[in-house]
Amino acid sequence: MRIAVCTIAVTFAGTLALAEPSIERGQYLVEGPAGCGNCHTPFGAQGPDMTKNLAGCLVEETPAFTAIAPNLTLGGRVSEWSDAELARAIREGITPGGTRVIGPPMPIALYSQLSDDDVMSIVAYLRSIPAVENDAGQSVYNIPLPPAYGPPIDTVAHCVECHSPMGPMGPDRINQLGAGGFEFHGPWGTSVSANLTPHPEDGISKWTDEELVQMISTGVRPDGSAMMPPMGYAYYSSMTPADLDAIILYLRQLPPLADPC
Ligand code: HEC
Ligand code: HEC
């Protein structure tokens, strides 16, 4: 399996709801906890290429699928969709007219929990991004996609999309949730996602909450070493303390697992 120049993603913690949809709220979600750019923005050696923010990227190539996250700026086809159609695509994984189900690793189960205000805030923010011309291509799925997405699976946690080892059908979140061991190859070389379970030797038990907050939001470990891409700390740096706390709480209650071999 090869992971291409952008990455799979993400986290989304319980968020503080505002009363009205707003571009500011949408920007916070898209560029922060929802981490849309982790997949929809092309990557260079230093991380996301912000000159092409959200302009589409090859996310993942496996025997099961080639996943391409399309252009979400006004230069992409979503600019022709209505607000309601775009909201439905994000939250339910269905494209306009019910023509297509959006495939993995777009985290629909996660986004299906967005409130009406939050999803409309995301739509409003996407509409405010100037057009970037970029056609990353079209995904190919050799696995059957569900006819539709059912109810949500979990609440926080798309950190575990990267921090679980890859199986033939995607990250193995059933047996190895959060155990790390997912290899990423890119312009930075090879990085391997870390074990985020509370395993005493291999996991995060050795760190305090403060250390974890620092690691997640700055990409620097307590010993001063810097994390390689595609660890998404640039996105997480804008997260509220409450969202960071919710993530750490979530990680600390995962079943402890040793590193996958
Ligand atoms: C983990 C990777 C990942 C993340 C994170 C992600 N997406 Fe996606 N997204 C994809 C992939 C891959 C596709 C294409 C799937 C397909 O071809 O069926 C996609 C498709 C879409 C589509 C359909 C567009 C089209 O032209 O068909 C929309 C809209 C979309 N994503 C919006 C978002 C928004 C908004 C966010 C953040 C709230 C987001 N995505 C986060 C991977 C991701
Ligand atoms: C796009 C993939 C990706 C996502 C999403 C991601 N990570 Fe990471 N993470 C990595 C990789 C790869 C590394 C290892 C980097 C290295 O070795 O330099 C890493 C390293 C870490 C580390 C350092 C652990 C150690 O032992 O050194 C922590 C802590 C961490 N991630 C927490 C998180 C949390 C919490 C989230 C969700 C908010 C998250 N990560 C989301 C890929 C990801």
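Modeller: A polar contact is a pair of N or O atoms within 3.5 Å; within protein, one must be able to donate a hydrogen and the other to accept it, and residues adjacent in sequence count only if both atoms are side-chain atoms. The model is predicted: local features need pLDDT of at least 70, side-chain atom pairs count only at pLDDT 80 or more, and totals for chains, interfaces and linings use all residues. Residues are numbered from 1 along each chain as written, chains are lettered from A and ligands numbered from 1 in written order, and side-chain values use heavy atoms, without hydrogens and water.

Colleague: What makes Ser-139 a polar contact of ligand 1?

Modeller: An N or O atom in the Ser-139 side chain is 2.6 Å from an oxygen atom of ligand 1, and the limit is 3.5 Å. The Arg-77 side chain likewise has an N or O atom 2.4 Å from an oxygen of ligand 1, while a polar side-chain atom of His-40 lies 2.8 Å from a nitrogen of ligand 1.

Colleague: Why is the site of the iron atom of ligand 2 called octahedral?

Modeller: Six donors (N, O and S atoms within 2.8 Å of the metal, or 3.2 Å for Na, K and Ca) count as octahedral if opposite donors are over 155 degrees apart and all others between 65 and 115. The six donor atoms here make angles of 85 to 179°, and the site is octahedral.

Colleague: Which residues coordinate the iron atom of ligand 2?

Modeller: His-163 (NE2) and Met-231 (SD) do, at 2.0 to 2.1 Å. His-163 is in the loop between helix H6 and strand S7, and Met-231 in the loop between helices H7 and H8, so the pair ties together parts 68 residues apart in sequence. Helices (H or I, at least four residues) and strands (E, at least two) are DSSP runs.

Note on methods
Four donors count as tetrahedral if all angles lie between 85 and 135 degrees; four count as square planar and six as octahedral if opposite donors are over 155 degrees apart and all others between 65 and 115; anything else is irregular.
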